[in-house]
Amino acid sequence: MEFHKKDAIYLQIAGLMCERILRDTWPENDRIPSVRELAVNMEVNPNTVMRTYAYLQDHGIIFKKRGIGYFVAAEGRKATRRLLKSNFVRNELPRVFKTLDLLNLDFDELYSLYREYQEENK
């Protein structure tokens, strides 16, 4: 994975994991890779992955079964969506609004562009 400097690496890994949960690559109640497995796959320090897992646990997205490993929580998709929505509204949406304002794009035009995007990505 190519990491960018904008966000902490553990948050970038968390974002990738959230995407996998929302795309159902990792369904609720399924086991996810161990800290070591993910660290090797991502080519990062296991402590970074531990920080990612702690972050996701704190948000109710994953949980640990002692001696067995980490799993997607029963309400993991819902918690993931809630976390990503909150982060988007707080961090990304102000930039989107600023860009819309600068480009003089109204919501009708934006909606039309969004519908085109949906059609192209079915």
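Colleague: In the hairpin of β1 and β2, which residue takes a positive phi?

Modeller: This is a predicted model. Three residues lie between the two strands of the hairpin.

Colleague: How many bridges join β1 and β2, and in which sense do they pair?

Modeller: β1 covers residues 62-65. Ile62 has its bridge partner, Val72, in β2. The pairing is antiparallel, and the bridges number four.

Colleague: Which element gives the most residues to the largest nonpolar core?

Modeller: That core has 23 residues. Met17, Ile32, Tyr53, Leu56 and Ile61 touch the most other members. Two or more residues come from each of α1, α2, α3, β2 and α4. The top giver, with six residues, is α1.

Colleague: Which residues does Met17 contact, leaving aside its neighbours within four places in sequence?

Modeller: Contact here means heavy atoms within 4.5 Å. On that basis, the partners of Met17 are Trp26, Ile32, Leu38, Thr52, Tyr53 and Leu56.

Colleague: How far apart are the end C-alpha atoms of α4?

Modeller: α4 has 28 residues. At 1.5 Å a residue, the helix should therefore span 40 Å. The distance in the model agrees: 37 Å.

Colleague: Where does α4 bend?

Modeller: The bend is about 45°. A proline, Pro94, follows within four residues of the bend, which is at Glu92.

Colleague: Against which elements do the buried residues of α4 pack?

Modeller: The buried residues are Gly76, Ala79, Thr80, Leu83, Asn87 and Leu100. They pack against α1, α3, β2 and α5.

Conventions: Residues are numbered from 1 along each chain as its sequence is written. This is a predicted model: local features need pLDDT of at least 70, side-chain atom pairs count only at pLDDT 80 or more; totals for chains, interfaces and linings use all residues. Side-chain values use heavy atoms; hydrogens and water are left out. A nonpolar core is a set of buried Ala, Val, Leu, Ile, Met, Phe, Trp, Tyr and Cys residues joined through side-chain atoms within 4.5 Å. Buried means under 20% relative accessible area, exposed over 50%, partly exposed in between (1.4 Å probe, protein chains only). Two strands pair if DSSP finds at least two bridges between them. The expected span of a helix is 1.5 Å times one less than its number of residues. The bend at a residue is the angle between axes fitted to the seven residues ending there and the seven starting there.
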